[in-house]
Amino acid sequence: TIRKSHLLSHALILATTSFRIMIKKINAKNIHRICSGQVIVDASSAIKELLENALDAGATVVEIHLFSFGLNKIKVVDNGNGISSSNFDFIGNKHHTSKLIQFEDLESVNSFGFRGEAINSLCCTSQLSIHTRESNPTDDSN
């Protein structure tokens, strides 16, 4: 049998040895990977984000193709508005969005996504390829 005093001394040993562990700053790359892993946790969350992006782009038809249940590849094809060429450089950048300029804009957001996290997180957690076509090449608001 285990005596209380033995358990107490064991707890004290664990407590004293835990103080030897140093607290260290996580580097920026790993912070980004950890945070992205909170947005994209599995294939279903990736599909959810891609579907929401399609719907936010005005898609009325969305095809989702899964390869090996989404573990090898997820392909989303939609008839949304596409992304204007003037926005190509910003597609996967963290905190880049067409929905907000200032904090107060949160009150009028009427879309699924608005923080600029989904595509960036997909870039960090997968090998992402985006193929887009503008439905109206003169409109730069998308």
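**The cysteines and beyond**

Modeller: The sulfur of Cys123 has its closest cysteine sulfur in Cys124, 8.6 Å away, and that is too far for a bond. A disulfide here is a pair of cysteine sulfur atoms within 2.5 Å. Cys124 is in no disulfide either, with the sulfur of Cys123 as its nearest at 8.6 Å. The count by this rule is zero.

Before we go on, some ground rules. This is a predicted model, so local features need pLDDT of at least 70 and side-chain atom pairs count only at pLDDT 80 or more, while totals for chains, interfaces and linings use all residues. Residues are numbered from 1 along each chain as its sequence is written, and side-chain values use heavy atoms, leaving out hydrogens and water.

Back to the cysteines. Cys123 has 38% relative accessibility and counts as partly exposed; Cys124, at 24%, is partly exposed as well. On this scale, buried means under 20% relative accessible area, exposed means over 50%, and partly exposed is in between (1.4 Å probe, protein chains only).

Now the wider layout. The protein chain has four helices and two strands, in the order α-α-α-β-β-α from the N terminus. These are DSSP runs numbered from the N terminus: H or I of at least four residues for helices, E of at least two for strands.

The largest nonpolar core takes in Val39, Ile40, Ala46, Leu50, Ile119 and Leu122, six residues in total. Two elements, α3 and α4 (118-125), each give two or more residues to this core. By nonpolar core I mean buried Ala, Val, Leu, Ile, Met, Phe, Trp, Tyr and Cys residues joined through side-chain atoms within 4.5 Å. Setting aside neighbours within four places in sequence, Ala46 is in contact (heavy atoms within 4.5 Å) with Ile40, Ile74 and Leu122. As a rule, nonpolar side chains in soluble globular proteins tend to be buried together.

Buried residues in α3 include Ser45, Ile47, Glu49 and Glu52. Just after α3, Gly58 has a positive phi of about 85°.

Next come the strands. β1 and β2 run antiparallel and are joined by six bridges; DSSP has to find at least two bridges before two strands pair. Val62 stands opposite Asp78, and Phe67 faces Lys73. Together β1 and β2 make a hairpin with five residues between them. In that loop, between β1 (62-67) and β2 (73-78), sits Ser68, whose phi is positive, about 55°, although it is not a glycine. Ser68 is partly exposed at 38%. Phe69 is in the loop too, with a positive phi near 60°, and it counts as exposed at 75% relative accessibility.

For the whole protein chain, 15% of the 142 residues count as buried.
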